[in-house]
Amino acid sequence: MLDRRFVVEHADAVEQNCQRRGSQADVRRFVALEGQRKAAQVEVDELNRKANEVSKSIGKAKDAAEREARKNEGRELREKTVAAQAELDRLMSESDAILRTIPNMSHPEAPVGADDGSNLELRHGQHAPPHFDFKPLDHVELGERLGLMDFEGGAKVAGHGFYFLKNEAVLLELALQRYALDVLMREGFTPTITPDLARNEILHGTGYIPRGPETQIYSIADSDLSLVATAEITLGGLLSGEILDPAALPIKLCGISHCYRTEAGSGGRAARGLYRVHQFTKVEMFAFTLPDGSEDMLNYFCDLECQIFDGLGIAYRVVDTATGDLGGPAYRKFDLEAWMPGRGEKGEYGEVTSTSNCTDYQARRLAIRYRTGEKGTAFVHTLNGTAIAISRALIAVLENYQQADGSVLVPEVLRKWVGKDRIARD
RNA sequence: GGAGAGGUGGCUGAGUGGUCGAAAGCAGCGGUUUGCUAAACCGUCGUAGGGGGAAACUUCUACCGGGGGUUCGAAUCCCCCCCUCUCCGCCA
């Protein structure tokens, strides 16, 4: 969330930003409520001050009669305080509800536009899309012929959107994880495997909204836990409430987790096969930085994502995400879209990674700070980025590496973990 | 899951219902001493919000795991929850 005072002092800019991001947040109402809230706070403080005075005087009262008189005075004050506090709480919760829906500010260079149609293509990877002298298959068909996935089985045990990976697809999943991990460990990331569940409080802190009609999140009944949609949630939550030593920053973590998404409201969108599923595995990068370090870190994350896909030998393009498509917490976001030869009629780019600079938006809610100079603290910046989202990386690998004979070559960098250089059924 | 013990400032750790935002120690910061390092000594040292001040600063309020309650007054008493440790049970 944004800083309350910032919103009040920059109401016009915040309102304009909301429009660009497609947020309905009522900034005017928030500003009005903040004014009332402050007045209420002053009143509560004043009542408390008086009550404290009275309380202190009771211990020093000369006699029982005076003590009783002062006690009555205290009781009356308490009644007033309770009423004033209730009003303050009401104002606080209403303004808070609005504040939570105000998205982060946007990077001045982020393309302005309502949706991904306004995304700006920045550059392409090292590799060009492959040329096939045959009609390339999509990953679903390849997977079926090679015995790599079972969507019917997934649907039987868990419903549409679930699947079994089988045979070499299992090895590819593990190889992709290991490959990404190798790159990241070499770069000084601390590898982690995170919980797949998190408290709703942590979800909120990272900007995810469990429950509600449009939620992407699966909740666990009779608990305040949800299945995570990404390790971003758990990695961000890891340091919640902490005050960090600035000398220790930046902190770079990567986390392997399963990701669970209801995909509510995405019905009808291209969803064949592994592209949009309810569960997949992901290696996620996460960083906590000083405020002046987050912009470089975002570029660094993006470069690493490029390095990972260049290493796999897959064509991709990098896009600068339009304001309307940034979601709540991101200040700026770059996506990698890999070439997927089996997608659409002649192949299409499909999103495979995403990296965001959330500036202090998540840190404020999660209360992650660092010490500034001799006195005071300030919020860190948080960044997240996909190293490898297995399901979509699998699509790209299978479709780009397919051969005329129906086999699929294993990308060079994965061979040592897959243990073979070609996937074929005889 | 059962029984017990705990959760206090960056860390360790005291704390009687009022004078406690909280002893003490360590770390940190400033300084004195010192050939250097170390040590010693003196001072300073929580977070957030509001008022005043150009500022150094000052003042008020809240915060002792979280939430409720009792009370004029709660770190201290009561209830619920979370977490940690020890023991028992169960289990991959």
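The model is predicted, so local features need pLDDT of at least 70 and side-chain atom pairs count only at pLDDT 80 or more, while totals for chains, interfaces and linings use all residues. Residues are numbered from 1 along each chain as its sequence is written, chains are lettered from A and ligands numbered from 1 in the order in which they are written, and side-chain values use heavy atoms, without hydrogens and water.

**Around the RNA**

Let's start with the RNA. RNA strand B is surrounded by 19 residues, where "near" is defined as having a heavy atom within 4 Å of the strand. The closest include Ser55 and Arg75. Of the RNA strand B atoms that come within 4 Å of the protein, 77% belong to sugar and phosphate.

| Protein atom | RNA strand B atom | Distance |
|---|---|---|
| asparagine 52, polar side-chain atom | phosphate oxygen | 3.3 Å |
| lysine 71, polar backbone atom | sugar or linking oxygen | 3.2 Å |
| arginine 199, polar side-chain atom | sugar or linking oxygen | 3.3 Å |

Helix H3 (27–59), helix H4 (64–101) and strand E13 (369–371) each give two or more residues to this surface. H3 gives the most, with eight residues. Helices (H or I, at least four residues) and strands (E, at least two) are DSSP runs numbered from the N terminus.

Two strands pair if DSSP finds at least two bridges between them. E7 and E13 pair in the parallel sense over two bridges, and leucine 244 has tyrosine 370 in E13 as its bridge partner.

Conventions: A polar contact is a pair of N or O atoms within 3.5 Å; within protein, one must be able to donate a hydrogen and the other to accept it, and residues adjacent in sequence count only if both atoms are side-chain atoms.
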